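Subject: Structure for you to look at

Hello,

Here is the structure I promised. Please open it and keep it beside this email as you read.

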Amino acid sequence: MQQLNFPSYTFRFKNSENKVSIFDEIRKKFIILTPEEWVRQHVVHYLMDEKKYPKSLINVEKVLTVNGLRKRYDVVVFNPDGSIHILVECKAPSVKISQATFDQIARYNMTMKARFLNVTNGLNHFYCQMDFENEKYEFLRNLPDYKE
């Protein structure tokens with residue numbers, strides 16, 4: 001897999017039926033390794049190892065309903081009260097981050113109401129803080145560290 005713009009992490013892999021899988025610490029199972037999954041696993045480790053978010057507050061690849069349509073989010077970090085702190089949209093490294101990517105995460109966030117958004121293809125990372133009162137977002141240099 002391609003080198004990403006993240007610190008180096010140790011992953012567990014397995015090979016079966018000519019497919020490589022990577023162990024997901026959150027889902028506690030092996031997931032087929034696709035370019036997008038490679039990015040998602042780096043994001044999860046980044047949130048736990050660098051930003052110190054507890055594993056118990058991180059959720060991966062769950063279904064949500066947006067305008068009556070079933071969609072899947074990539075990574076969510078919850079607040080201890082169950083509200084959503086961070087919503088992450090992962091793309092494969094070959095996918096250019098565009099306005100359409102931001103529109104996608106913004107649509108999801110109308111339902112989810114996360115305070116922070118992160119869009120990444122593993123090479124380029126964009127971080128935003130939501131301003132719900134003024135219906136806009138402000139770009140940040142990074143996500144905040146976990147605070148109890």
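Let me begin with the largest pocket. By class, its lining has five nonpolar, one polar and four charged residues. Here Ala, Val, Leu, Ile, Met, Phe, Trp, Tyr, Cys and Pro count as nonpolar, Asp, Glu, Lys and Arg as charged, and the others, Gly among them, as polar.

Two notes on the source. This is a predicted model, where local features need pLDDT of at least 70 and side-chain atom pairs count only at pLDDT 80 or more, while totals for chains, interfaces and linings use all residues. Residues are numbered from 1 along each chain as its sequence is written, and side-chain values use heavy atoms, with hydrogens and water left out.

**Pockets**

Rolling a probe the size of a water molecule over the atoms shows where empty space is left. The search uses a 1 Å grid over the protein atoms alone. A cavity is a set of points where a 1.4 Å probe fits but cannot get out. A pocket is an open set with protein on both sides within 12 Å along at least five of seven lines. Lining residues have an atom within 4 Å of a point. Grid points are joined across faces, edges and corners, and a volume is the space filled by probe spheres set on the points.

The largest pocket has a volume of about 200 Å³. Its lining is Ala106, Asn109, Met110, Lys113, Met130, Asp131, Phe132, Glu135, Lys136 and Tyr137. Helix 2 (99-112), strand 8 (125-131) and strand 9 (136-140) each supply at least two residues of that lining. Helix 2 gives the largest share, three residues. Helices (H or I, at least four residues) and strands (E, at least two) are DSSP runs, numbered from the N terminus.

The second largest pocket holds about 160 Å³ of space. Look for Tyr53, Phe78, Asn79, Pro80, His85, Arg115, Phe116, Pro144, Asp145, Tyr146, Lys147 and Glu148 around the second largest pocket. By class, its lining has six nonpolar, two polar and four charged residues.

**The cavity**

How many cavities of 30 Å³ or more does the structure hold? The structure holds one. The largest cavity has about 30 Å³ of space. Phe6, Val43, Tyr46, Leu47, Asn118, His125, Tyr127 and Leu143 line the largest cavity. Helix 1 gives the most, with three. The lining has six nonpolar, two polar and no charged residues.

Strand 2 (residues 19-24) pairs with strand 3 over four bridges, in the antiparallel sense. Two strands pair if DSSP finds at least two bridges between them. Ser21 stands opposite Ile32 in strand 3. Phe23 stands opposite Phe30 in strand 3.

**Trp38**

Trp38 is in helix 1 (residues 35-50). Is Trp38 buried or exposed? Trp38 counts as buried because its relative accessibility is 11%. Buried means under 20% relative accessible area, exposed over 50%, and partly exposed in between (1.4 Å probe, protein chains only).

Leaving aside neighbours within four places in sequence, Trp38 is in contact (heavy atoms within 4.5 Å) with Met1, Gln2, Leu4, Phe11, Phe13, Ile22 and Leu33. Trp38 and Cys90 are 52 residues apart in sequence, and 9.5 Å apart in space, C-alpha to C-alpha.

**Two lysines**

Lys28 lies in the loop between strand 2 and strand 3. That hairpin has four residues between the strands. Lys28 has a positive phi of about 55° although it is not a glycine. At 58% relative accessibility, Lys28 is exposed.

Lys52 sits in the loop between helix 1 and strand 4 (58-66). Lys52 is not a glycine, yet its phi is positive, about 65°. Its relative accessibility is 54%, so Lys52 counts as exposed.

Best wishes
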